[in-house]
Amino acid sequence: MIILFIAFMLVGWAVQSKLKSKFKKYSATPLSNGMSGKEVAEKMLADHGITKVRVISTPGKLTDHYNPKDMTVNLSPDVYEGRNISAAAVAAHECGHAVQHAKGYEWLKMRSILVPMVGVSSNLGMWLLLGGIILMQSSPVLGGNIVSIGILGFATGTLFSLVTLPVEFDASKRAIYWLERKRIVNQRELVQSKE
């Protein structure tokens, strides 16, 4: 069970590491049209007739997200102000979620329903798993039961990840299609945006 926990952590770390590496690499490549991430986002929203979503800056690094509750595309400072391939790709991807929301994309609806439940169960799962492992020394049955509940909490997080994948792939597909169709990026930049 500990091996499963470590495996999930390693996979998560590897994905984050690759994302940060690609973001850093293409942050050094200026966008040929000179647009900022904010400008890319606003244009994509306008091109899709989405007028009620605001593009705002949010603190942190790679904290970019679309919030359907307050109708905002939240871009980290590097993306909001950036005039590079990374900023354009990330801004368009987050607007892809706003387009999904506007069009009633079913997988996004399902993900939105799961978010509150997953947040609680994943965090609680970690503590139950650790507590169960400690309790197994003095009470193997009780500790084992708590470990099982903790694993269930992690399983909920895994289910959320599986539901999230189609949502993320679709948002990226919408972003890339729009970036190419509206000639926001040239062919070289398009290849880099896809990465």
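The structure is a predicted model in which local features need pLDDT of at least 70 and side-chain atom pairs count only at pLDDT 80 or more, while totals for chains, interfaces and linings use all residues. Residues are numbered from 1 along each chain as its sequence is written, and side-chain values use heavy atoms, with hydrogens and water left out.

The protein chain has seven helices and three strands; helices (H or I, at least four residues) and strands (E, at least two) are DSSP runs, numbered from the N terminus. Along the sequence these elements follow the pattern α-α-β-β-β-α-α-α-α-α. Taken along the principal axes, the C-alpha atoms of the protein chain fill a box of roughly 65 × 35 × 25 Å. Of its 195 residues, 39% count as buried, where buried means under 20% relative accessible area, exposed over 50% and partly exposed in between (1.4 Å probe, protein chains only).

Helix packing comes next. Two packed helices are described by the angle between their axes and the distance between the axes. The axes of helix 6 (residues 140-181) and helix 7 (residues 187-194) come within 10 Å and cross at roughly 170°. Here axes are lines fitted to C-alpha atoms, for helices over the stretch in contact, and angles run from 0 to 180 degrees between N-to-C directions. Helix 6 and helix 7 are therefore roughly antiparallel to each other; angles under 35 degrees count as roughly parallel, over 145 as roughly antiparallel, 65 to 115 as roughly perpendicular and the rest as oblique. On the helix 6 side, Ile176, Leu179 and Glu180 meet Gln187, Leu190, Ser193 and Lys194 of helix 7. The residues of this contact divide into three nonpolar, two polar and two charged, with Ala, Val, Leu, Ile, Met, Phe, Trp, Tyr, Cys and Pro counted as nonpolar, Asp, Glu, Lys and Arg as charged, and the others, Gly among them, as polar.

Helix 7 also shows a division between its sides. Glu189, Leu190, Gln192 and Ser193 are buried. These residues cover an arc of only 165° around the axis, which puts them on the same side of helix 7; the arc is that of the directions from the helix axis to the C-beta atoms. Gln187, Val191 and Lys194, on the other side of helix 7, are exposed. One of the buried residues, Gln192, is in contact with Thr29. Thr29 lies in the loop between helix 1 (2-27) and helix 2 and counts as buried at 17% relative accessibility. Beyond its neighbours within four places in sequence, Thr29 also touches Asn84, Ile85 and Arg188.

Two further buried positions are worth a look. Ala175 lies in helix 6 and, at 3% relative accessibility, counts as buried. Neighbours within four places aside, its contacts are Met44, Ala92 and His93. Ala175 and Val90 are 85 residues apart in sequence, yet 8.7 Å apart in space, C-alpha to C-alpha. Glu94, in helix 4 (residues 85-102), is buried at 8% relative accessibility. With neighbours within four places again left aside, Glu94 is in contact with Asp64, His65, Tyr66, Val73 and Leu75.

Side chains of opposite charge can pair when their charged atoms come close. A search of the whole structure finds seven salt bridges, a salt bridge being a side-chain nitrogen of Lys or Arg within 4 Å of a carboxyl oxygen of Asp or Glu. Arg83 forms one with Glu39, with 3.2 Å between the closest N and O atoms. This pair links distant parts of the chain, 44 residues apart: Arg83 is in the loop between helix 3 (77-81) and helix 4, and Glu39 is in helix 2 (residues 37-47). Arg83 is partly exposed at 44% relative accessibility, as is Glu39 at 34%.

Other pairs lie within a helix. Asp47 and Lys43 form a salt bridge with closest N and O atoms 3.3 Å apart; both lie in helix 2, four residues apart, about one turn of the helix. Lys109 and Glu106 likewise form a salt bridge, their closest N and O atoms being 3.3 Å apart. Being three residues apart in helix 5 (residues 106-135), Lys109 and Glu106 are separated by about one helical turn. Lys109 is partly exposed at 43% relative accessibility, whereas Glu106 is exposed at 52%.

Key. Contact = heavy atoms within 4.5 Å.
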